[in-house]
Amino acid sequence: MANLMNRFMLSCLFDYYDFVRRPDEKTIQRVPDKTLSELILNISLMPLWIVDLCRPWLPLLPATDASPDYGFGFCLARCDPQLTRAVASPAGHEHCIRLTREAGDPIEKERAGKVLRLPLGLRDFRPVFSVKAKHAAHSGGLEASAVVLGLRRMARQRRWHAHRGAFLVDATAIEGALNKGRSSAGAIRLQIMQAGAISLAADWRWHFAYLPSESNPADWPSRGTRYSCQRVRKQ
């Protein structure tokens with residue numbers, strides 16, 4: 001139950017799932033060393049099993065994106081904590097987050113799911129970094145790496161620790177894996193584990209929500225450019 005309430009605890013389990021899916025479940029079997037190692041690691045993290053359901057909501061919304069043509073982008077918008085809670089509530093339940101449209105914004109493409117439109121526009125998001133990727137990688141791996149980089153930057157601010165929050169991404173596969181807390185896909189498994197390690201260390205409880213690419217303010221920093229008057233700090 002504790003692992004389900006703090007799902008990133010599941011990110012250290014991989015071979016364990018192959019073991020429990022074996023057909024001869026009623027036969028006594030030797031537990032493989034890798035499976036045993038994963039179980040010991042999970043148990044050693046017992047202090048992190050505690051889940052505080054009264055943690056305050058973050059007064060900001062982070063958004064990340066990645067582009068194979070350049071690298072990673074990360075943006076933040078200040079907002080009321082109640083808005084963060086409103087974004088987190090439908091996260092992972094076939095909802096699509098949209099921003100308030102302004103003149104000159106990209107045309108919105110039709111997406112599946114219910115739409116939750118926020119009282120924030122693209123200009124309300126401040127670009128935090130635009131980082132060029134050092135190596136070519138799978139698109140899913142790049143998207144997940146962008147989230148990890150964003151979490152690392154946020155973890156520098158101690159005042160943001162021990163909060164609940166909503167995190168905007170524009171890849172549904174990454175959104176699903178992060179909300180699930182684990183992934184068996186080799187292209188993103190390591191990044192999901194890294195995101196989990198940072199979140200557990202900072203005492204965060206994240207709800208990842210889907211924001212389409214044309215509405216994602218981090219799309220421009222991820223391409224090494226900027227949207228309108230946004231200033232991008234390259235690293």
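1. Helices (H or I, at least four residues) and strands (E, at least two) are DSSP runs, numbered from the N terminus. On this basis the protein has eight helices and seven strands.

2. This is a predicted model, in which local features need pLDDT of at least 70 and side-chain atom pairs count only at pLDDT 80 or more, while totals for chains, interfaces and linings use all residues. Residues are numbered from 1 along each chain as its sequence is written, and side-chain values use heavy atoms, with hydrogens and water left out.

3. Overall form. Along the principal axes, the C-alpha atoms fill a box of roughly 65 × 40 × 35 Å.

4. Of the 235 residues, 47% count as buried, meaning under 20% relative accessible area (1.4 Å probe, protein chains only). Contact means heavy atoms within 4.5 Å. Among contacts between residues at least 6 apart in sequence, 74% join residues at least 24 apart.

5. Helix α5. Residues 139–155 form this helix of 17 residues, which reaches 25 Å from its first C-alpha to its last, close to the expected 24 Å; the expected span is 1.5 Å times one less than the number of residues. Helix α5 is mostly covered, with 12 of its 17 residues buried, including L142, E143, V147 and R153.

6. Helix α7. This helix (residues 189–201) has 13 residues and spans 19 Å between its first and last C-alpha, close to the expected 18 Å. Its buried residues include I192, A195, I198 and L200, and what covers the buried residues of α7 includes α5, α6 and β7. D203, which follows α7, has a positive phi near 60°.

7. The largest pocket. A pocket is an open set of points on a 1 Å grid over the protein atoms alone where a 1.4 Å probe fits, with protein on both sides within 12 Å along at least five of seven lines; lining residues have an atom within 4 Å of a point. The largest pocket holds about 240 Å³ of space, a volume being the space filled by probe spheres set on the points, which are joined across faces, edges and corners. Its lining has 15 residues, of which R7, N179, R205, W206 and H207 lie nearest the centre. The elements giving two or more residues to this lining are α6 (172–180) and β7 (205–210); β7 gives the most, with four.

Terms used
Buried means under 20% relative accessible area, exposed over 50%, partly exposed in between (1.4 Å probe, protein chains only).
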